[in-house]
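Open your viewer and get the selection tool ready. We will go from one stop to the next.

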Amino acid sequence: MIRRREPVPFAFVAEADRFRSNVTPPPRERASFGQLAGRWLLGLTVVAGIVGSLVIGMPALSADQPAPHKHPSQASDRR
């Protein structure tokens, strides 16, 4: 890295690539059984919603169904 001759207002930014911390972060806490069950339940609910919407919506999206036969209204028969 090329050193600048003018002072940098934040010297720690200029030397950040050389800085290494000797402090290790604390280990992550393990999720409790209730938290794990809640995550699984939320995931299953989302997946079931997507699958359900596909199952219900697929007949409406299929193009191979013939158009329904139109019956003339009874009001048009009366004169």
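**A walk along α2**

Start by selecting Val55: helix α2 has a kink of about 30° there, shortly before the proline Pro59. The bend at a residue is the angle between axes fitted to the seven residues ending there and the seven starting there. This is a predicted model, where local features need pLDDT of at least 70, side-chain atom pairs count only at pLDDT 80 or more, and totals for chains, interfaces and linings use all residues. Residues are numbered from 1 along each chain as its sequence is written, and side-chain values use heavy atoms, leaving out hydrogens and water.

Next, select residues 33–61, which form α2. Its 29 residues reach 41 Å from first C-alpha to last, close to the 42 Å expected at 1.5 Å a residue (1.5 Å times one less than the number of residues). Helices (H or I, at least four residues) and strands (E, at least two) are DSSP runs, numbered from the N terminus.

Now pick Leu61, also in α2. Is Leu61 buried or exposed? Leu61 is exposed, with a relative accessible area of 68% (exposed is over 50%, buried under 20%, partly exposed in between; 1.4 Å probe, protein chains only).

Finally, show the whole protein chain: two helices and zero strands, with buried residues making up 0% of its 79 residues.
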